[in-house]
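Look at the sequence and the structure shown here.

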Amino acid sequence: MRTPIFILVQAVIGLALYGLFIFYGNDYWFYAGYTVLQFVVLATAWNILGGYCGYVNFGSAGFFAIGAYSTVFLYTVGQQIDDVVPESLQGVMHLIFPLSLPTMIVIGGICAGLVGLGTGYLTLRLRGVFFAIATLALAVVLETLVVNWEFVGGSRGAYVIPPSKIPIFGAYIHFLFALMIVLAIVALACARLIERSRLGYGFATIRDDELAAEACGVPTLRLKLTATVLSGALMGMAGAPFPYYIGYVEPSSAFNLSYAVNSIAMPMIGGTTSWVGPLIGAILLGTLQQLATVTISSVANLLIVGLLLIGFVIVAPNGIVGLWQDWFGKKSVKSRRSET
Amino acid sequence: MTAPLLRVDRLSKRFGGFVALDDVNLDVAEGERLGLIGPNGSGKSTLVNCICGTLHNEAGTVTFAGEGINGMGAHERTRRGLARSFQLPRPFTSMSVADNIRVPLLYTVNARRGAKHLSHGELQDRCMELLTLVSLGDKAAKDPRDLTQVEMRKLELARAMATEPKLLIADEAMAGLSHSEVEDIVALLINLNGRGITIIMIEHIMRAVMSFSQRLVVLVSGKKIADGMPETVIENPEVVGAYLGT
């Protein structure tokens with residue numbers, strides 16, 4: 001299936017989902033759906049670096065929080081133009097602010113992408129557990145910075161008040177849900193495009209053997225930086241609408257461990273070698289967690305993720321996609337590539 | 001006199017206090033078949049790694065096709081026509097055998113060609129052509145882990161060939177192979193040389209070295225101790241001493 005058709009199919013599915021929620025659901029469905037889609041974006045973004053390139057990133061929460069806090073920053077600037085902006089610039093700033101949420105998402109993505117680039121330069125000579133620890137440390141460093149940055153609320157947190165209604169969509173959560181559908185489409189299309197392109201081959205060689213990749217002419221460092229930027233940017237974009245979703249952002253919610261754990265667990269459970277894997281993992285785990293939240297307690301969420309992860313690592317280390325391929329004798333993605 | 005294709009000039013490499021290469025000089029002419037031998041730990045693989053950019057040398061220069069390539073990344077050297085095969089085969093295990101060949105075509109040949117890059121069909125044909133050359137045509141769709149040892153060696157050579165090299169360095173491409181398999185690989189390397197590719201063969205199997213090489217260079221403890229016609233070099237008392245430990 002060609003990429004434009006793939007995007008079109010996804011858009012139709014997204015529209016159908018939106019319509020279903022409008023006609024048969026209530027606002028809770030939108031809140032729950034938003035969270036699941038947010039995990040689709042996060043898991044897909046993680047998989048670009050972790051699954052395709054084999055670099056396990058434990059700092060997803062950091063990139064997610066960069067997106068969230070870039071929104072908090074822009075929102076706060078918009079609220080306090082007369083206090084924080086020099087008088088000569090206030091006129092221009094009043095024309096620009098308040099920024100629309102889609103603009104903030106793009107800015108959040110750029111900020112997280114730039115941090116991804118910096119992280120890449122600093123850490124990509126590390127591999128395996130050392131790289132994972134470095135990314136975990138990045139999230140800790142960023143959280144410390146945010147805790148000590150008063151302008152975005154510091155450790156107290158910051159309120160971001162979404163409008164109660166928005167034209168066309170009605171309730172603001174409907175708008176947020178629609179935005180997350182678009183982000184999920186962008187993330188999945190991006191992952192699928194990578195998978196079927198020269199870049200996908202390059203990423204796979206990095207995962208398999210970097211030395212051999214260089215000997216084949218693959219510019220491994222450049223490709224790894226591309227992966228960290230793309231992955232970071234998508235995570236940042238997933239985090240940018242978060243303040244509007246939750247209304248009150250504090251460091252412990254934006255840098256929550258569950259984002260890092262879920263970003264890893266979802267692709268691992270779904271399968272890391274294909275764009276479908278993170279999608280399946282995110283829908284499965286995200287939905288299970290939502291069900292657990294309303295039937296048991298949100299405390300059970302990480303327990304569910306942990307147990308499923310252990311189970312899959314033992315029974316199906318290649319995830320659901322790998323299991324499917326083993327059971328039904330489907331060809332692997334890589335061998336399909338040579339036929340496309 | 002024409003300039004050599006590869007010139008290694010006073011190359012030195014240390015690992016901490018250990019001198020792996022000490023002031024090594026080496027010229028390789030275009031179209032030549034050079035054998036590089038030496039006991040284990042003599043610095044052969046280090047020399048290859050320095051030439052190919054996997055390791056960076058502390059002193060000395062490497063010039064390839066008239067261009068200084070010191071400080072260049074390994075992939076840039078590959079794109080300039082310097083290919084290598086590894087001592088232990090390193091196939092991309094998540095890909096089919098054919099895709100292993102496709103990678104260098106995509107990243108080296110297409111990068112060199114720019115806008116005139118190989119089309120999908122041409123890539124497919126080129127993969128099959130190279131696999132057929134090394135008698136792996138019928139294994140194109142296989143997982144490289146299912147290949148035998150000699151087939152993996154051939155895949156290594158085919159992958160290096162896919163970069164369309166001017167110089168190919170075969171690092172112990174025959175280690176662990178049977179007599180007939182060694183002959184197979186030697187014939188393959190001579191065939192590749194016949195296509196205009198300069199080849200440096202690093203090997204311990206002397207009958208392979210002797211039947212392949214037009215010139216022989218011997219490294220011992222990071223120093224070049226002999227360089228010349230194979231028949232003369234193997235009778236050099238210093239070489240005999242290094243191998244027999246006398």
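This is a predicted model: local features need pLDDT of at least 70, side-chain atom pairs count only at pLDDT 80 or more; totals for chains, interfaces and linings use all residues.

Residues are numbered from 1 along each chain as its sequence is written, while chains are lettered from A and ligands numbered from 1 in the order in which they are written.

How far can chain B be trusted? The predictor's confidence in each residue is called pLDDT and runs from 0 to 100. Chain B averages 93, and 98% of its residues score at least 70. For the model, ipTM is 0.93 and pTM is 0.91.

The C-alpha trace of chain B spans about 55 × 40 × 40 Å along its principal axes. Its radius of gyration is 18 Å, which agrees with the value near 18 Å for a compact globule of 246 residues. That radius is taken over C-alpha atoms, and the globule rule is 2.2 Å times the number of residues to the power 0.38.

Chain B has nine helices and ten strands. Both are DSSP runs numbered from the N terminus: helices are H or I with at least four residues, strands are E with at least two.

Three of these strands can be followed from one to the next. Strands pair if DSSP finds at least two bridges between them. β1 (residues 6-15) and β4 (residues 59-64) of chain B pair in the antiparallel sense over five bridges, and B:L6 has B:F64 in β4(B) as its bridge partner. β4(B) also runs antiparallel to β5 (residues 67-68) of chain B, joined by two bridges. Here B:T63 stands opposite B:G68 of β5(B). Two residues lie between β4(B) and β5(B), which form a hairpin, and B:A65 in the turn has a positive phi of about 50 degrees.

Now turn to the other chain. Chain A has 21 residues in contact with 27 residues of chain B; contact means that C-beta atoms, placed from the backbone, lie within 7 Å. On the chain A side, the elements giving two or more residues are α9 (198-208), α10 (210-215) and α18 (333-337) of chain A. The largest share, seven residues, comes from α9(A).

Technical notes
Two residues are in contact if their C-beta atoms, placed from the backbone, lie within 7 Å.
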